[in-house]
Amino acid sequence: MRHLMSPLDFSVEELDKLFDLAGDIEAHPDKYSKACAGKKLASAFYEPSTRTRLSFESAMLNLGGNVLGFSDAGSSSASKGESVSDTIRIISCYADICAMRHPKEGAPLVASQKSLIPVINAGDGGHQHPTQTLTDLLTIRSLKGRLGDMTIGICGDLKFGRTVHSLINALIRYTGIKFVLISPDELRIPSYIRDDVLRKNNVEFKEVVRLEDVMGELDILYMTRVQRERFFNEEEYLRMKGFYILDKEKMKYAKDDMLILHPLPRVNEISVEIDDDPRAVYFKQAQYGVYVRMALILTLLGIEV
Ligand code: NCD
C-alpha cells in the first residue's frame with residue numbers, strides 16, 4: 001500500500017506516468033467515468049479548504065466513486081479529543097482512500113502509519129502540500145511543454161507557504177531550473193529549504209525583495225498569499241499583507257510567454273485586472289488539479305483502465 005506525503009514519494013518517472021494519465025483523463029473523461037465504481041474517498045479536513053477538498057471530491061465523483069467526510073475539525077470527534085491515529089483507523093473501516101488536511105505538520109504522516117488505506121497529505125501546517133505540487137507541475141508541463149530549463153520566480157510568503165516548500169522540493173529534480181525567490185525579509189524561505197534542499201543540491205537561486213527588478217527574467221511567476229493563520233501576531237500580518245500586488249504596471253516588464261500561477265485563494269496579491277491576461281493561468285491550474293487528483297486516486301488504488 002502506498003501513501004502520498006511528499007512530492008518526492010514519486011520518482012520523476014512515476015510522475016511522468018501520472019501526468020500522462022492525467023492528460024489522457026483530460027482528453028477522454030468518459031473512459032474513466034466508472035473506474036472507481038463502488039469505491040469511497042474520505043476527506044478528513046481539519047483546516048479550511050475550498051479547492052483541495054472539492055477537487056478531491058469532484059475527482060472521485062468523476063471516477064464514478066463516492067465521497068464522505070468532514071470539512072471542519074469542530075464537527076469531527078477531534079473536538080472530543082480523538083487522535084488522528086484513532087480517527088484514521090475508523091476511517092479505514094468506512095472508505096478505500098483518505099485525503100487528510102491538518103494544521104499540525106506531520107499529522108497525515110502519523111495517520112498513514114496506522115492506516116489500512118492509502119492516505120494523501122492534503123496540506124499539513126506550513127510543511128508540505130504535495131497534491132498542489134502535482135497540480136502545479138501538470139499545469140507547467142501542459143502549458144509550457146516541459147518541466148526543465150526555466151527560471152521560476154516564487155513570490156510572497158515563502159516562510160509559511162507549504163505549496164512553495166513542496167514545489168521547490170519537486171522542481172529541483174529537473175535540469176536547468178533556476179529559482180528567483182521574491183519575499184520581504186520577514187518571509188524568506190526557511191533555512192531547511194535554502195541550505196538543505198537548494199544549496200545542498202547545487203541548485204541556482206537568488207533571493208530578492210523587489211518583484212519589478214526580476215520580472216523580465218521569469219518564465220513562471222508563482223504568486224502566493226501571505227498565510228495569515230500561521231502568524232503569531234495580527235499586526236505583523238497586516239504589515240506584510242500588501243507587500244506585493246501584481247498589477248498591469250508590473251506585468252509590462254514580464255516576458256510575453258511568462259505564466260502566472262497561484263495555488264489560490266488569492267487575497268490582494270494579484271489585482272483582478274490581470275485575470276483576463278492570457279498569461280494568467282491560475283483558474284486553469286485549479287482545473288488541472290482535478291485531472292491530477294483523478295490520476296492519483298487511480299494510481300494509489302492500483303486501478304488500471
Ligand atoms: C493553498 C494551501 O492550502 O496551502 N491552497 C490550496 O490548497 N490551493 C494555498 C493557500 O492557502 O494560500
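On a 1 Å grid over the protein atoms alone, a cavity is a set of points where a 1.4 Å probe fits but cannot get out; a pocket is an open set with protein on both sides within 12 Å along at least five of seven lines; lining residues have an atom within 4 Å of a point. This is a predicted model: local features need pLDDT of at least 70, side-chain atom pairs count only at pLDDT 80 or more, and totals for chains, interfaces and linings use all residues. Residues are numbered from 1 along each chain as its sequence is written, and side-chain values use heavy atoms, with hydrogens and water left out.

**Stop 1: the second largest cavity**

Select Cys-155, Gly-156, Met-223, Thr-224, Val-226, Met-240, Lys-241, Phe-243, Tyr-244 and Glu-269; they line the second largest cavity. The space inside is about 50 Å³ (a volume is the space filled by probe spheres set on the grid points, which are joined across faces, edges and corners). Color the lining by class: six residues are nonpolar, two polar and two charged. Here Ala, Val, Leu, Ile, Met, Phe, Trp, Tyr, Cys and Pro count as nonpolar, Asp, Glu, Lys and Arg as charged, and the others, Gly among them, as polar.

**Stop 2: the largest cavity**

The structure has three cavities of 30 Å³ or more. Go to the largest, at about 80 Å³. Select Arg-51, Gln-132, Thr-135, Pro-263 and Ala-286, which lie nearest its centre among 13 lining residues. Helix 2, helix 5 (130-144) and helix 10 each give two or more residues to this lining (helices are DSSP runs of H or I, at least four residues, numbered from the N terminus). Helix 10 contributes the most, with five. The lining holds four nonpolar, seven polar and two charged residues.

**Stop 3: the ligand**

Now select the ligand. Which pocket holds the ligand? The ligand sits in the largest one (more than half of its atoms lie within 2 Å of the pocket's grid points). Show its shell: Arg-51, Thr-52, Arg-101, His-129, Gln-132, Arg-162, Thr-163, Arg-225, Gln-227, Pro-263, Leu-264 and Pro-265 (each has a heavy atom within 4 Å of the ligand). Three of these residues are nonpolar, five polar and four charged.

- Thr-52: a side-chain N or O atom is 2.8 Å from a ligand oxygen.
- Arg-101: a side-chain N or O atom is 3.1 Å from a ligand oxygen.
- Leu-264: a backbone N or O atom is 3.0 Å from a ligand nitrogen.

On its own, the ligand has 310 Å² of accessible area, and the protein covers 94% of that (Shrake-Rupley method, 1.4 Å probe).

**Stop 4: the pocket around the ligand**

Helix 2 and helix 6 are the elements that give two or more residues to it. By class, the lining divides into four nonpolar, nine polar and seven charged.

**Stop 5: the second largest pocket**

Finish at the second largest pocket, which holds about 330 Å³ of space. Select Lys-17, Leu-21, Thr-299, Ile-303 and Glu-304, the closest to its centre of 13 lining residues. Two or more residues come from each of helix 1 (12-27) and helix 10 (282-301). Which element gives the largest share of this lining? Helix 1 does, with four residues. Seven of the lining residues are nonpolar, two polar and four charged.

Terms used. Polar contact = N/O pair within 3.5 Å; in protein donor to acceptor, adjacent residues only side chain to side chain.
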